[in-house]
Amino acid sequence: MAATLEGSSPGPTMLLRGDMDALEMPENTGLDFASRIDGAMHACGHDTHTAMLVGAAKLLSDRRNQFAGRVLFMFPPGKEGHHGAQFMLDEGLLEVGALSDGSASAVESAFALHMSAALPSGWVSTRGGPVMASADTMQIIITGKRGHASEPYRAVDPIPVACEIVTALQTMITRSVNVFDPSVVTVGRITAGTTNNVIPETAHIEGTIRAVSERTRALVHDGIKRVAENVAAAHGCDGNVEIIYGYPVTTNDDKFAEFTLDLAREVAGPKSVVRLPNPVMGAEDFSYVFNELPGAMAFLGGTPHDKNVATAAPNHSNRVYFEESAMHTGISMYTAAALRKLAPAL
């Protein structure tokens, strides 16, 4: 879903994003406004994103005489792994056309906030350059030879081979990837066998691959294939590796990131603004927008001040809680970003 709002005079278009989907998981917060749908929870703050952007749209609508050009409000579905932003781009999101007076108004910049349990309520954090990682999926199938559990020498057991591959992948990461341009490879599932006294024919390994540069992303993809295929071959098995591409690296424009930090110091106060020291290894489909436009994404804290952010339930937890008052800061950030970027020429 998308909407536009024109200002009082000609100018460029700025995109503001507020994603809106939930996660497939139960909610156990006990809150009055907890999800009423079993197995669905806004555990990453997307409901607050939508609410904040709608709130900003209302404020900007009342202040149309204070900005030039146009604001494009982007409400993407399917952010959690379903490439919602890319679908919106493919459907012509950025093809906004001329303003009502006939003047051109191309989309020139983009801005988004993401609620975070890792910051106190109302705090803002971002950085220039890579801010979130790419996220790809690996699927490895090790094929051996089925046999009796009492006679492993007459079979080719894929299970210990799979275990060795998991260990070898971690060694590959620590010995071939620059620690200052990192990657994380996590095996989330290993499946093999049907019963306790049969050596299975196959073992399946599934996991995720994250990186903060396209160079390291490609390096790790190649390394996974090399390690899995050759460890399998060393033990008489076949190794088949499939890499499924997910979201690219989310990269903030350096100048826009500095603009965001300066704006946050005015809106939230200098003591509530932190320059993010390192990229977050989670991933974002807003990365697709940044492949087309300069802009920045910032994190907005949602953990109450009487809670310890180090021990508070994190994003994607069934007990995560975002303090509603933090949305005041988010609404103000969206509104101020548009008013500042689209200020009429004097």
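A crossing of two helices is called left-handed if the near helix is turned anticlockwise from the far one by less than a right angle, and right-handed if clockwise. Helices here are DSSP runs of H or I with at least four residues, strands are runs of E with at least two, and both are numbered from the N terminus.

The model is predicted, so local features need pLDDT of at least 70 and side-chain atom pairs count only at pLDDT 80 or more, while totals for chains, interfaces and linings use all residues. Residues are numbered from 1 along each chain as its sequence is written, and side-chain values use heavy atoms, with hydrogens and water left out.

So what does the protein hold? Its secondary structure comes to seven helices and 15 strands, and its C-alpha atoms fill a box of roughly 85 × 45 × 35 Å along the principal axes. Of the 346 residues, 48% are buried (under 20% relative accessible area, with a 1.4 Å probe and protein chains only).

Now for the crossing itself. Helix H3 (residues 158-176) passes H4 in a right-handed crossing. The axes of H3 and H4 (residues 214-234) come within 9 Å and cross at roughly 145°; axes are lines fitted to C-alpha atoms, for helices over the stretch in contact, and angles run from 0 to 180 degrees between N-to-C directions. Contact means heavy atoms within 4.5 Å. Among the H3 residues that meet H4 are Val-161, Ala-168 and Met-172, and the H4 side includes Gly-223 and Val-227.

Elsewhere, Leu-263 sits in helix H5 (residues 254-267). Leu-263 counts as buried because its relative accessibility is 2%. Beyond its neighbours within four places in sequence, Leu-263 is in contact with Met-333, Ala-336, Ala-337 and Arg-340.

Definitions and conventions: Buried < 20%, exposed > 50% of the residue type's maximum accessible area, 1.4 Å probe, protein only.
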